[in-house]
Amino acid sequence: ESNIDQTPQKVGAVDSNALARGGFFTANYVHGLYFDVLAPVVIKSVKVYAGSAGNRVIDVVDIHGEPVLTTTVNIPKGESRVTLNFDLPVGTQYFLKVSGTLLDLQRAKGGASFPYTVAGLISITETDIKATAPGSYYFFYDWEVAKSGCPGPRTPVVGTINPDVPKPTIT
């Protein structure tokens, strides 16, 4: 069967300028965004703003904090789009975050209006500090998402097994 790519859609805060910018965050690696997957989805890419260039480890963990997907990406200083290609099944309270030794990504201290949703596909539901700063938005802007590839029709294939070939005699 073949896979038919779906048209990407955008979700999430468009950029840090659309919210109350909070500067570059370097304190720890526990902040990020919770989201629900309503149908199998690929998170193709996200926009980030880095205070310095370097490798970042970006993770998706499940509702229990267990790693689901991870990638290491080299992010230049400034605004850039980071390719993730995270293929996720239906589930609730996934958490997208940064781990490792380098963070230095821009967050917003206010102005976020959750949920950010693509109907029937994905919903960014909240930040991890919703109790103390519900309008905060961490690191990952302008998500590019698409429904996971749609399988095309299967085509039967006939295989032929050749009889044994006699062993050659070497002299």
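Predicted model: local features only at pLDDT ≥ 70, side-chain atom pairs only at ≥ 80, totals over all residues.
## Strands, core and selected residues

Ile170 lies in the segment after β15 (150-151). Strands here are DSSP runs of type E with at least two residues, numbered from the N terminus. At 78% relative accessibility, Ile170 is exposed. Exposed means over 50% relative accessible area, buried under 20%, and partly exposed in between, using a 1.4 Å probe and protein chains only.

Residues are numbered from 1 along each chain as its sequence is written, and side-chain values use heavy atoms, with hydrogens and water left out.

**The sheet.** Six strands make an open, antiparallel sheet in the order β7-β6-β9-β4-β12-β11. Its edge strands are β7 (67-75) and β11 (116-118), and each pairs on one side only. On average, neighbouring strands are turned by 20 degrees against each other, direction ignored. The axes are lines fitted to C-alpha atoms, and angles between N-to-C directions run from 0 to 180 degrees. Two strands pair if DSSP finds at least two bridges between them. Strand β6 (residues 54-61) and β7 pair over eight bridges in the antiparallel sense. Gly54 stands opposite Ile75 in β7.

**Thr127 and Ser136.** Thr127 sits in strand β12. Ser136 is in the loop between β12 (122-127) and β13 (137-138).

| Residue | Relative accessible area | Class |
|---|---|---|
| Thr127 | 1% | buried |
| Ser136 | 4% | buried |
| Ile170 | 78% | exposed |

Contact means heavy atoms within 4.5 Å. Leaving aside neighbours within four places in sequence, Ser136 contacts Ala108, Lys109, Gly110, Ala112, Phe114, Thr127 and Ile129. With residues up to four places away not counted, Thr127 touches partners including Gly32, Leu33, Tyr34, Phe114 and Ser136. The side chain of Thr127 also reaches the backbone oxygen of Gly32 at 3.3 Å.

**The core.** The largest nonpolar core has 44 residues. Such a core is a set of buried Ala, Val, Leu, Ile, Met, Phe, Trp, Tyr and Cys residues joined through side-chain atoms within 4.5 Å. Phe35, Ile43, Ile122, Tyr137, Phe140 and Trp143 have the most contacts inside it. Strand β5 (residues 41-50) supplies the largest share of this core, six residues. In soluble globular proteins, nonpolar side chains tend to be buried together.

Notes. Helix = DSSP H or I, 4+ residues; strand = E, 2+ residues; numbered from the N terminus. Polar contact = N/O pair within 3.5 Å; in protein donor to acceptor, adjacent residues only side chain to side chain.
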